Amino acid sequence: MVHKIHKKGDLGFLVAIIIVILSFMLIAGTIFGFMSGAEEKEAETLCKDSVALRAAASFSAGGVEAKIAPLLCQTIDKKVSGSKEEVQQIIADKMARCWEIFGEGRYKTSVFENTNAFSGDSKCFVCSTILVEDDRNFKGEDTGVTALEFENFLRTADYPKKSMKYLDYFQYGGGPGYVIGVLTPEGIKPGRAYGIAFKAKSTSGELNPIIGTVGGTSIGVGAVSMLVFGVGTGGLGLLIAGGAALGVGLADLFQEDVTLDGIFLVDLQKDIQKEFYKSCNLVADIAGT
Amino acid sequence: MVAIKKLISYIIPLIVLILFVMFYYNPTGAFESVKNVVSDVNASLDSIIGAEEVTASKPTLPPAQQADVDKLIATMERMKSSDTKFCFDNYGGFSNLGGTTITLTYDPSRKSTFIKVLRGVGGVQEVFFKEVEGMKPCVIAGSEDVVETFNTAFLNTNSWDVKSYFLNNFIDTQHLKKEHFTPVNSIQITYKSGWDVSDGNIIRIPEFGTGTVNDVNNNLIDGGMLYTPDNEHICFFPTIPDPFGPSCDGSDKDGLDDDCLGADLTEDISITRQLKEGKLLSCG
């Protein structure tokens with residue numbers, strides 16, 4: 001009889017331990033999930049506030065503007081998955097958030113330059129790197145979202161936070177701006193990584209609308225242009241629909257002096273990434289990377 | 001006595017308070033003066049502290065250019081839905097496209113052409129977008145062979161019956177394949193001016209590179225003409241200024257002589273004249 005009671009007691013204790021452990025795992029998972037999301041939000045808010053403070057605390061005298069507050073921004077690494085639509089939405093949201101953080105194109109001078117006394121090359125900051133992972137609705141072996149498809153998505157999908165289309169938000173939601181995508185023929189798909197970068201306006205003062213030229217002929221890159229780059233003879237070059245190659249390199253896009261702020265979505269394929277980091281005059285984040 | 005002292009000790013401060021209030025708060029009092037000084041300082045601080053901001057508004061097309069684009073699309077749709085092959089139509093031409101760029105890009109995965117119009121700040125803002133399904137862009141240019149074959153087929157005084165026999169038996173057939181048009185993946189149309197160029201609308205074909213079409217200025221004197229061989233390809237006419245005087249005779253790889261498209265009103269083999277005389281077919 002005593003032995004049976006002990007057995008019953010042991011069983012009850014075991015059940016209680018299992019319930020406690022399961023509850024702990026559930027609660028811990030929720031908290032850590034919340035905290036990692038909170039960390040990302042915190043980093044974005046810190047960056048946005050530092051940009052706003054830097055602008056608010058800038059000092060002008062005799063046409064020269066000086067910014068003294070430091071930028072407190074870091075690149076956020078993120079893994080995403082979902083259906084084709086969901087992945088496009090997430091990437092578009094991150095691009096819009098990057099645009100919002102760096103002032104929506106509202107500041108007359110580059111947010112990165114400490115002074116406009118010496119006009120320099122426009123600089124870029126990588127807001128986030130996104131790794132697209134497999135999902136049951138969108139796998140690595142599926143056809144990716146093409147450049148034109150994503151361009152059309154930005155043109156037609158609503159950005160809920162601002163009650164306007166993504167394209168409209170980038171073009172005139174704050175100040176004037178533009179969006180350029182640098183993708184491979186594979187487009188946006190699982191197993192690939194993408195960088196979202198803010199490119200500040202050039203302070204050279206002359207309005208220069210041409211982004212990318214082929215021997216003097218503008219390739220007509222507009223406010224939203226998802227361009228496809230491929231590696232062929234002669235190296236990395238711009239492809240147009242049908243695969244015809246133009247003699248336009250990434251440097252043509254990143255080194256042009258454009259007097260608008262812009263957002264870039266860049267496929268971090270080896271050659272493109274190398275050219276991107278070489279051409280874009282990157283601003284380091286607060287971690288120094 | 002004590003009461004009077006108390007009264008005086010209340011009245012005097014009251015009077016002083018009233019005087020202070022009058023001094024500071026009357027419309028021309030000291031307080032207003034202080035406010036004016038502070039607001040002046042504040043205004044000058046506003047111009048010193050804080051980054052200057054710019055605003056943006058939704059970019060739009062001038063009404064004349066919007067009408068041109070609408071007419072171009074309507075004409076293309078009409079040509080696509082026509083039953084007539086090897087036919088011509090007229091979109092009216094473009095007014096001065098200063099500040100605006102029109103791009104046509106073919107997407108083979110959708111078998112559509114996207115028409116994008118750029119203007120706004122920096123000339124890069126998208127103001128209009130339209131997908132034309134089932135349409136492929138082309139040009140009557142790109143090589144000497146293409147232009148020569150087009151010339152042979154259409155730019156003569158023969159009746160339509162003779163031209164039709166030639167087109168159906170010698171061109172675009174398996175037996176003797178000779179192209180008389182060049183399919184392209186993208187076309188750009190804009191305006192160019194400068195001290196060293198002939199001002200006017202220009203047409204550019206990025207995949208041609210330099211040396212063909214893209215180095216000719218003011219090269220869209222097309223009389224508003226478009227051509228379709230098959231109700232799927234719709235061709236623009238890059239033009240060249242006539243080096244030999246007014247007549248339709250100077251075409252080359254950069255396009256047709258503009259006199260062939262109506263620049264010379266007396267030219268009897270121009271497309272516009274032949275359409276009027278029934279020697280060429282109209283799509284509409």
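These are my notebook entries on what I looked up in this predicted model.

**Entry 1: ground rules.** I count residues from 1 along each chain as its sequence is written, with chains lettered from A and ligands numbered from 1 in the order in which they are written. Since the model is predicted, local features need pLDDT of at least 70 and side-chain atom pairs count only at pLDDT 80 or more, while totals for chains, interfaces and linings use all residues.

**Entry 2: chain A overall.** I looked up the secondary structure of chain A and found 6 helices and 13 strands; helices (H or I, at least four residues) and strands (E, at least two) are DSSP runs, numbered from the N terminus. Chain A has 289 residues, and 44% of them count as buried, where buried stands for 20 or more other C-beta atoms within 10 Å of a residue's own, exposed for 12 or fewer, and partly exposed for what lies in between, with C-beta atoms placed from the backbone. I also looked up contacts (C-beta atoms, placed from the backbone, within 7 Å), and of those in chain A with a separation of 6 or more, 80% join residues 24 or more positions apart.

**Entry 3: strand E4 of chain A.** Is strand E4(A), residues 124-132, mostly covered or mostly open? I found that 7 of its 9 residues are buried, so I noted it as mostly covered. Two strands pair if DSSP finds at least two bridges between them. E4(A) pairs in the parallel sense with strand E3 (residues 76-80) of chain A over 5 bridges, and here Thr129(A) stands opposite Asp77(A). With strand E8 (residues 193-199) of chain A, E4(A) pairs in the antiparallel sense over 7 bridges, and Leu131(A) has Ala193(A) of E8(A) opposite it.

**Entry 4: helix H6 of chain A.** In this helix, residues 270-279, I found Ile272(A), Glu275(A) and Phe276(A) buried. Looking down the axis of H6(A), I see its buried residues within an arc of 105 degrees, so they line one face of the helix; the arc is that of the directions from the helix axis to the C-beta atoms.

**Entry 5: the largest nonpolar core.** A nonpolar core is a set of buried Ala, Val, Leu, Ile, Met, Phe, Trp, Tyr and Cys residues joined through C-beta atoms within 7 Å. The largest one has 111 residues, of which Met95(A), Ala197(A) and Ile140(B) touch the most other members. Helix H2 (residues 84-101) of chain A gives the most to this core, with 8 residues. Apart from its neighbours within four places in sequence, Met95(A) is in contact with Val179(A), Ile196(A), Ile263(A) and Leu265(A).

**Entry 6: a sheet in chain B.** I followed an open sheet of 5 strands in the order E4-E3-E2-E7-E8 (chain B), with antiparallel pairing. Strands E4 (125-133) and E8 (200-204) of chain B stand at the edges with a single partner strand each, so one side of each is left without a neighbour in the sheet. Within the sheet, strand E2 (residues 101-107) and strand E7 (residues 186-192) of chain B pair over 4 bridges, and Leu104(B) has Ile187(B) in E7(B) as its bridge partner.

**Entry 7: Thr152 of chain B.** Thr152(B) lies in helix H4 (residues 144-154) of chain B. Why does Thr152(B) count as partly exposed? I found that this is because Thr152(B) has 15 C-beta neighbours inside 10 Å.

Technical notes: Two residues are in contact if their C-beta atoms, placed from the backbone, lie within 7 Å.
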